[in-house]
Amino acid sequence: MLDRALLARLRDAVGDDGMITSPAAVQTYACDGLTGRRVSPAAVVLPLSTDEVAEVVRACLEAHVPFVARGAGTGLSGGALPVADGVVIGLSRMRSILDIDLENHQVTVQPGVTNLDVSKAVRPLGYFYAPDPSSQQVCTIGGNVAENSGGAHCLKYGFTTHHVLGATFVSADGRIARLGGRVRDSAGYDLLGMVVGSEGTLGIVTEVVLRIVRVPESTETVLAAFSTMGDAGEAVSRIIATGITPAAIEMMDRLAIQACEEIVHAGYPDCGAALIVELDGPSVESSAFLSQVIDICTASGATETRVAATEAERALIWKARKAAFASMGRISPNYYVQDGVIPRTRLRDVLESITALSATYGLRVANVFHAGDGNLHPLVLYDDTEPGAGARALELAGLILELCIAAGGSITGEHGVGSDKACYMPKMFSPGSIAVMGRVRDAFDPSDLCNPGKALPTPRLCGEVPGMYRPHAIEVAGLAERL
Amino acid sequence: MASTAQELHLFTELVGAAQVRQADAADAVGGVVPSLVVSPGDEEEVASVLSAASARGLAVVARGGGTKIDWGSRPERCDVVLSTSRIAGIVDHEPADLVCVVRAGTTLSSLQETLASAAGFRQRLMLDPAQGAHATIGGVVATAASGPLRTRFGTPRDLVIGASFVLSDGTAGRSGGKVVKNVAGFDVAKLLVGSLGTLAVITEVAFRLHPMPAASRTVAFESRSVLDLCGFANRIGQLQVTPSVVDLHWPQGVVLVRFDSSELGATVQAERVTHELGGRALDADEESAMTATVAGSPWTGSGMVGAVAMLPSRAGEFLSSMSATCDAVALRPLLGTGEVRFAPEALDMVGSAVRSAGGRLVVRRGGATSAGEAEDDVALELMRSVKRQLDPARTLSPGRQVGGI
């Protein structure tokens with residue numbers, strides 16, 4: 001419970017319609033895309049301006065109450081998981097595109113603007129916003145900044161950090177700073193670069209200047225079917241070794257294809273692995289690259305290659321790919337997704353090890369991932385009604401991360417560490433490295449109130465074995481709600 | 001402060017007599033002459049040198065090739081120059097992954113040579129800062145230096161995927177890794193890029209690499225009107241083409257646009273530019289002749305050199321007022337960044353012209369060098385806070401960063 005004075009001050013800051021305190025209503029904010037973890041906040045505030053955000057932060061600081069910023073809540077690592085009895089600062093009402101400056105190839109937006117709306121606003125003018133996480137229809141720019149989001153096309157175009165030029169930033173003590181800006185090369189340390197990807201632990205961005213990119217003249221998309229993921233992985237390595245940089249290279253295995261076909265009906269071939277390769281640029285060049293890619297796929301054992309002949313066909317291929325996580329419900333009651341990264345050259349052996357682990361644990365693993373940059377998304381499928389299955393799934397997923405680390409990779413490529421993987425950080429970084437990161441965090445938030453317990457491991461957090469949220473029998477029966 | 005003899009003894013114990021020497025005037029940093037030059041051989045020795053210096057209140061300035069040692073404000077103190085010359089070599093390079101890990105004292109040119117000769121898959125680190133031949137990886141990263149390739153590939157900030165470093169208290173840390181896509185942990189390397197050596201000594205850097213392009217085509221557009229040059233460059237930004245380089249050179253009066261791609265891709269893009277906007281595609285001989293006329297500009301020649309940044313849309317306004325005042329300008333018009341050379345007495349005029357175009361000027365050479373001005377008090381306070389956390393004793397290059405950090 002928050003004390004009355006703080007509640008009154010928050011209400012003053014954001015108004016009645018920007019304040020949610022009813023125990024039932026705050027449940028909407030109890031988790032993000034990692035639905036297995038839920039914590040009820042004491043209050044949710046929905047500010048409309050930078051000043052309101054700053055006032056909320058100052059109020060929390062003075063009352064020593066932790067606060068967590070939240071966009072659309074699509075994050076998959078529990079980065080927007082509330083702190084018990086803390087405040088959630090929802091930025092979804094700050095959703096204006098403030099400026100479109102074509103001459104300088106930049107737009108200024110509020111953090112609640114969705115990723116896709118940025119591209120929609122500038123596409124008629126011949127531009128787009130390049131980072132495209134699969135959740136782009138709903139995820140917000142503020143969340144993208146917090147997580148340094150990627151997406152399928154970051155293979156060629158880079159991540160959020162490469163496309164953010166400036167931000168208005170509310171510091172963890174409620175002051176307002178300009179980081180970076182519309183003009184490049186601001187003096188001093190690259191605080192903006194530090195903030196992008198810091199998972200909301202250093203402060204809150206309330207306005208963002210984004211770089212937009214000219215739409216390429218042509219785009220070619222090919223879907224190639226292989227009997228095994230190993231063959232498909234081989235094709236990926238060979239494509240890269242020719243010196244071509246495709247806009248995207250995505251892979252789905254048989255299980256993932258089956259799940260997607262259930263809901264999207266995109267007509268993917270029934271095969272062991274499908275590759276989606278997209279090439280863009282001047283039309284003569286992308287069609288030349290396209291034939292090269294098709295030849296490489298065929299030489300690597302592709303049983304079929306299908307080129308999207310129309311924009312609608314391309315959209316359908318992508319619709320299936322981007323629906324992959326959502327469609328898992330068709331083939332499994334529960335799933336747990338990992339986000340490990342491996343060097344591209346290790347694709348074949350790591351995928352084989354995942355298959356072996358899947359057999360050992362008796363749990364199916366669907367693979368759908370950004371093959372071009374070695375960013376795996378193994379979906380560990382399980383049935384939570386089966387005793388011990390959830391725990392086995394977590395254990396298997398943990399072993400997959402260890403495979404990634406052993407291969408010289410990372411525990412997360414784009415979903416973030418959040419609350420989910422904080423305890424894996426010591427497997428990837430030395431105590432000294434984590435201590436330095438902690439010192440940077442202290443430099444921004446000495447009170448440890450700004451999204452505490454995320455991104456970096458804490459003894460309290462990592463001493464306990466994290467468990468998945470499981471509804472109590474009386475919740476399942478609809479007799480009670482968890483508040 | 002201890003006497004030089006005591007310091008000499010101290011550091012000799014740590015790294016060996018051959019790796020410590022008395023400094024001379026040529027070792028001066030921004031005019032401040034240090035006592036000693038110490039050359040540790042690895043991360044562990046860097047840590048012991050830094051801990052020992054911190055414990056005695058000695059100020060340390062890290063130095064690579066020394067090509068940009070004057071960047072930043074004059075240090076408040078400089079007792080020890082820590083040379084990274086022995087911390088050199090490529091640690092890891094898997095060509096098929098387009099990634100390399102390299103020690104900080106390696107020269108950029110030797111790295112590029114190795115990468116260009118990767119069997120079967122020639123590649124490159126897409127950084128081409130001025131004085132690149134002797135510049136080291138650590139120095140390029142600490143100064144965030146870039147060159148013409150910035151238009152397409154960005155600065156070190158965009159290509160560094162991991163870094164190992166040592167804080168002044170001897171703590172060794174690493175951030176990032178050796179995969180391009182990675183969001184695990186704080187990206188501390190972002191703070192080190194452009195830190196001017198004030199936060200940590202960088203010992204190793206992991207980079208994203210790019211394939212060596214199969215072909216290049218350059219289009220030159222010449223004019224004696226800076227507005228025509230800027231107009232041409234801005235229209236390039238509106239075409240559906242992807243140039244690696246778009247550089248405006250004055251007084252040469254030329255915009256050079258280079259396409260690095262497949263033979264076909266480079267050719268069609270160059271043709272599109274000449275067809276739609278004018279200019280002419282250069283053949284190989286013309287290209288090398290043209291490259292020679294702008295090589296090293298604006299650094300060659302005497303005078304002050306400053307880095308400028310402004311909105312691309314206001315570059316024309318700045319250049320119109322400056323073309324007579326500056327001796328040389330090399331501008332990336334699509335980014336609004338570049339460098340200008342001018343006589344010392346023109347400093348105020350150049351500064352006010354940049355400001356009136358909404359931009360900023362940071363002097364890089366010729367006295368009055370600085371790290372620029374912080375434009376936001378809260379941001380500056382956060383920077384000070386970062387410095388206090390990572391280098392509380394102010395051992396590393398004190399006073400070189402903005403606001404006297």
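Leu275(A) touches Ala224(A), Phe226(A), Ala232(A), Ala235(A), Ile249(A), Met251(A), Cys297(A) and Ala371(A), leaving aside residues up to four places away in sequence. Here two residues are in contact if their C-beta atoms, placed from the backbone, lie within 7 Å. This is a predicted model, in which local features need pLDDT of at least 70 and side-chain atom pairs count only at pLDDT 80 or more, while totals for chains, interfaces and linings use all residues. Residues are numbered from 1 along each chain as its sequence is written, and chains are lettered from A and ligands numbered from 1 in the order in which they are written.

Leu275(A) is also among the residues with the most contacts inside the largest nonpolar core, together with Ile89(A), Ala224(A), Ala274(A), Val380(A) and Leu192(B). That core has 285 residues. A nonpolar core is a set of buried Ala, Val, Leu, Ile, Met, Phe, Trp, Tyr and Cys residues joined through C-beta atoms within 7 Å. A residue is buried if 20 or more other C-beta atoms lie within 10 Å of its own, exposed if 12 or fewer, and partly exposed in between, with C-beta atoms placed from the backbone. In soluble globular proteins, nonpolar side chains tend to be buried together.

The domain assignment, which is automatic or taken from a database, divides chain A into domain 1 (4-92), domain 2 (97-214), domain 3 (218-327) and domain 4 (332-463). The centres of domain 3 of chain A and domain 4 of chain A, taken over C-alpha atoms, are separated by 26 Å. Their contact takes 20 residues from domain 3 of chain A and 15 residues from domain 4 of chain A. On the side of domain 3 of chain A that touches domain 4 of chain A, H7(A) gives the most, with 7 residues. Helices (H or I, at least four residues) and strands (E, at least two) are DSSP runs, numbered from the N terminus.

Helix H2 of chain A comprises residues 50-63. Its 14 residues should span 20 Å at 1.5 Å a residue, and its end C-alpha atoms are 20 Å apart, which agrees; the expected span is 1.5 Å times one less than the number of residues. Buried residues in H2(A) include Val53(A), Val56(A), Val57(A) and Cys60(A). Just after H2(A), His64(A) takes a positive phi of about 55°.

Other backbone features deserve attention. Most residues other than glycine have a negative phi, and most peptide bonds are trans. Phi of His105(A) is positive, near 55°; His105(A) lies in the loop between strand E5 (97-101) and strand E6 (106-109) of chain A. His105(A) is buried, because 20 other C-beta atoms lie within 10 Å. Arg394(B) likewise has a positive phi of about 55°, and is found in the segment after H13 of chain B. Because Arg394(B) has 19 C-beta neighbours inside 10 Å, Arg394(B) counts as partly exposed. In chain B, a cis peptide bond joins Trp250(B) and Pro251(B), with omega about 15°. Another cis peptide bond joins Ser297(B) and Pro298(B), with omega about 5°.

Finally, the contact between the chains takes 71 residues from chain B and 72 residues from chain A. H13(B) gives the most to the side of chain B that touches chain A, with 9 residues.
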